[in-house]
2 protein chains.
Amino acid sequence: MSVDDTPRLLIPEMRELIYSLESELSAVCAYHVGLPGRYDVAPAGRGGGKHIRASFTVLCAEATGGSAADALGGALAVEFVHNASLIHDDIMDGDPERRGRPAVWRRFGVPMAILAGDALLGLAFEALARWDRAGETAIHDLARTVRRLCDGQSSDLCHDVLSGRSMSDYLRMIEGKTGVLLGLACRLGAMASAGPPAWLDKFEQFGVHLGVAFQLVDDTLGIWGDPALTGKPHGSDLRGRKKSAPVLAALAANNIHSRRLAELLARGVGDDDLGYCAELIASAGGRRWVRLETRRRVEAAWDSLARVDMDPMVRDELVKLVDFLVTREW
Amino acid sequence: MSVDDTPRLLIPEMRELIYSLESELSAVCAYHVGLPGRYDVAPAGRGGGKHIRASFTVLCAEATGGSAADALGGALAVEFVHNASLIHDDIMDGDPERRGRPAVWRRFGVPMAILAGDALLGLAFEALARWDRAGETAIHDLARTVRRLCDGQSSDLCHDVLSGRSMSDYLRMIEGKTGVLLGLACRLGAMASAGPPAWLDKFEQFGVHLGVAFQLVDDTLGIWGDPALTGKPHGSDLRGRKKSAPVLAALAANNIHSRRLAELLARGVGDDDLGYCAELIASAGGRRWVRLETRRRVEAAWDSLARVDMDPMVRDELVKLVDFLVTREW
């Protein structure tokens, strides 16, 4: 199956679970995931996100001998957790926009946004509890992932933005925030096909590496991305003086550009400085370092699957998805 | 086993799961549930809440032929969900205190409080996933409970405090907010003992009725309770013009006191009016109505178990717990 088919498979089931909520919450969650309903979800097409995690679940199921339909419950669970964490993270980070529309907390208030995230987290477990391909450990795997997501986000929150954070701390943090969920997506895919138990860990590792790569690309887009494509305001990461990977790599390079960048960040980055700041990060070598690290992570991901025997056609699809993930512009 | 033994059984397991969180979150969750740790959890003894839900799980397990140890995983799950919802509800309702101490959001900020609730919700599923007595539907039952808790809280949020809400709407809402979780507590207890499957629904119904009774008592304490015992500021429900059961019943009585009460509420209840307002509610008959409704709910609860054969000693313990629940002063 092609990755482009994932939404066709996924969305009817997402709709059923979300509309089974009985209060205003169903409309709020529908708005967030881009389902047509009481609230406007334009711009259409992109309104529901990229479903990348679900696509990995589906392809990893196919890679291990299962079908897309087998993977559905796992794919749903992963998408629900992802959406729950987006809603809550947007409150915590004060991000006003998501997918080119007002974030849930901006549109419906913080209390409703907290609840919508809680409800989607519950639906993730519900989807998995109903899943007939769930292995013995599936619920435990999901719970463990939620715990690690929370730990990752907590490390991010507790970090003072102006004090020093090492690149290795940062990579560990994004492994928790982004890696483990893509790891779960791939693990549940392998679980769907009931392949050899030893493959579960390999596929999880594959996903974790790719999740880190995914976040590194996100960090790059947070500085150099086109707001019309990313759905995030221009230079939002820099404005918030967020020490994402390119900034940390640039500062660590310790060259003349690094020092100018440090001065600029200490002073605060105004709207007029955004372009200059991005240039300094690139000149210091931050952009190049992140590109190389992304490539290293992708290689490590494929190394995890070195001994997995896979249908060449499925492998091609998986290669395409991974390439998309690291070359995407949104 | 006596109900007083519940904490001895429960707390070591709660501690293990909470301290398995790897970030600042473990200390924050420990603070909330009253475990000694990095943050002060005085006043001691009451700091961890009443564990009423867990006690019901344990006694319902014993009532159906199981042991307290059999019930542990279910009891933990219920306590974790309860604590998660308290942390999130306190943010939504702006309640500054919980168990005589600053609420988590006041002490650690809203972002950390959102995360702590998420983490505890995840731990609830983790506890249930590890539970060797969990029936086939346990995870689904928990997920369904989370969904109904969210729906209940959402109905509460969406209700404009000054517009009309009928008593039947209100009772439905508290069934969602409080009833279903005590229903789950009792259901998981019956599940622990692997009694007849038909008993699961009976025990759930028992718990749902008692949950509503519990909330009605809470509503009474929110007006006439002693702050030193309840851990909530004096008259907090009245100050927020919250239309809890006694207020709704008083207004519905439509007598001279009801009309004076309506005027006072429309004007806003200042600190000096709290005593007078509470008097009006009682004179209008609000307090008496709630006491009668509480009694009706307790009777309906016992009716649900009419055909359940139960060890008389366990029944005595259960009777004591129910009596405590409706006569407690905190």
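Colleague: Through what do the copies, chain A and chain B, meet?

Modeller: They meet through the same surface, because 100% of the interface residues of chain A are also interface residues in chain B. Residues count as in contact when their C-beta atoms, placed from the backbone, lie within 7 Å. This is a predicted model, in which local features need pLDDT of at least 70 and side-chain atom pairs count only at pLDDT 80 or more, while totals for chains, interfaces and linings use all residues. Residues are numbered from 1 along each chain as its sequence is written, and chains are lettered from A and ligands numbered from 1 in the order in which they are written.

Colleague: How many residues of each chain are in contact, then?

Modeller: On the chain A side there are 32 residues, and they touch 32 residues of chain B.

Colleague: And which elements of chain A give two or more residues to that side?

Modeller: Those elements are helix 4 (68–93), helix 6 (110–129) and helix 7 (138–158) of chain A, and helix 7 of chain A gives the most, with 12 residues. Helices (H or I, at least four residues) and strands (E, at least two) are DSSP runs, numbered from the N terminus.

Colleague: What classes of residue are on the side of chain A that touches chain B?

Modeller: That side of chain A has 18 nonpolar, 7 polar and 7 charged residues, where Ala, Val, Leu, Ile, Met, Phe, Trp, Tyr, Cys and Pro count as nonpolar, Asp, Glu, Lys and Arg as charged, and the others, Gly among them, as polar.

Colleague: Over in chain B, at what angle do the axes of helix 7 and helix 8 cross?

Modeller: The axes of helix 7 (residues 138–158) and helix 8 (residues 167–192) of chain B cross at roughly 165 degrees and come within 7 Å. That makes helix 7 of chain B roughly antiparallel to helix 8 of chain B. Their contact includes Leu142(B) and Leu149(B) of helix 7 and Val180(B) and Leu184(B) of helix 8, and by class it has 9 nonpolar, 5 polar and 6 charged residues. Axes are lines fitted to C-alpha atoms, for helices over the stretch in contact, and angles run from 0 to 180 degrees between N-to-C directions. Angles under 35 degrees count as roughly parallel, over 145 as roughly antiparallel, 65 to 115 as roughly perpendicular and the rest as oblique.

Colleague: How does helix 4 of chain B pack with helix 8 of chain B?

Modeller: Helix 4 (residues 68–93) of chain B packs with helix 8 of chain B at about 165 degrees, their axes being 8 Å apart, which means that this pair is roughly antiparallel. Among the residues that meet are Gly74(B) and Val78(B) in helix 4 and Leu184(B) and Leu188(B) in helix 8. The contact divides into 10 nonpolar, 3 polar and 1 charged.

Colleague: Back in chain A, which residues of helix 12 and helix 15 meet?

Modeller: Ala245(A), Pro246(A), Val247(A), Ala249(A) and Ala250(A) in helix 12 meet Gly286(A), Arg287(A), Trp289(A) and Val290(A) in helix 15. The axes of these two helices of chain A come within 7 Å and cross at roughly 115 degrees.

Technical notes: Two residues are in contact if their C-beta atoms, placed from the backbone, lie within 7 Å.
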